[in-house]
Amino acid sequence: MPAESPSTTPADVLRATRQRDSLDKRGRVLSTVDTMLQEGEPVTFAAVAKRAAVSTWLAYAPGVREHIEQARKQQEKASARDLDSGRIVSPTSTRTDLLLAREEIRRLREEVHGLREGMRLQLGRELDHLGGHDLRERLDELTQENHRLAAEAREAQSENRILNDRVRALEDDLAGARTGLRRMMREQN
């Protein structure tokens, strides 16, 4: 440390040290904001203060506040562009997909039920019109038809399971999106 001049008081030394410390902390905050922007991490006053290891008060100080607000606006514009371009799926779009998947599942269930009922009625009508000697032959045909329909039913159930899994995944995505939105709103407030 350079020799102090006789006119330098301890208060002057303390003031100079505090100024250097303040400049260092402000530099860390500005650097942290730039890093968070590059990494795509949401920029909030509290997050910047925590990551830069400074007080939240400093994040709101003149000169620093403006830099953080500018970074937040930049991220908002980027988010709006991503949403408009379709790179990010909106919660409304996710809800619509979920509703469409549920409607498709309901329709498939009704279709399977209708097919089963129709086959039952058709088999009953055909049995009424057959004679005793054709009955054995017709029973074999019906057994084969039953196997084919059972395979179709298994396929429909498999498709139904896939759609149910998709609905669950979409519900999970929606829940995650809601949680993220709540977190983002809390951070912004």
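Reader: Why is leucine 181 called partly exposed?
Author: In this predicted model, leucine 181 has a relative accessible area of 39%. Buried means under 20% and exposed means over 50%, so with 39% leucine 181 falls in between and is called partly exposed. You'll find leucine 181 in helix α6, residues 132-188.

Reader: What makes the nonpolar surface patch there?
Author: Leu181, Met184 and Met185 make it, and the patch covers about 260 Å². Patch residues need over 30% relative accessible area, and leucine 181 has 39%.

Reader: What makes the link between the side chains of arginine 107 and glutamate 104 a polar contact?
Author: The two side chains are joined at 2.6 Å, and the cut-off is within 3.5 Å.

Reader: How do you know that the span of helix α1 agrees with what it should be?
Author: Helix α1, residues 10-39, has 30 residues, which at 1.5 Å a residue should span 44 Å. The end C-alpha atoms of α1 are 43 Å apart, so the two agree. Just after α1, glycine 40 takes a positive phi of about 75°.

Reader: Which residues of α1 are buried?
Author: Val29, Thr32, Val33 and Met36. Val29 also turns up in the largest nonpolar core, which has 15 residues; Val29, Val43, Val48, Val54 and Ile68 touch the most other members. α2 gives the most to this core, with four residues.

Note on methods:
Residues are numbered from 1 along each chain as its sequence is written. This is a predicted model: local features need pLDDT of at least 70, side-chain atom pairs count only at pLDDT 80 or more; totals for chains, interfaces and linings use all residues. Side-chain values use heavy atoms; hydrogens and water are left out. Patches are made of residues with over 30% relative accessible area and no salt bridge: like charges are joined within 9 Å, nonpolar side chains (Val, Leu, Ile, Met, Phe, Trp, Tyr) within 5 Å. Accessible areas come from the Shrake-Rupley method with a 1.4 Å probe; for residues, only the protein chains shown count as cover. A salt bridge is a side-chain nitrogen of Lys or Arg within 4 Å of a carboxyl oxygen of Asp or Glu. Helices (H or I, at least four residues) and strands (E, at least two) are DSSP runs, numbered from the N terminus. Buried means under 20% relative accessible area, exposed over 50%, partly exposed in between (1.4 Å probe, protein chains only). The expected span of a helix is 1.5 Å times one less than its number of residues. A polar contact is a pair of N or O atoms within 3.5 Å; within protein, one must be able to donate a hydrogen and the other to accept it, and residues adjacent in sequence count only if both atoms are side-chain atoms. A nonpolar core is a set of buried Ala, Val, Leu, Ile, Met, Phe, Trp, Tyr and Cys residues joined through side-chain atoms within 4.5 Å.
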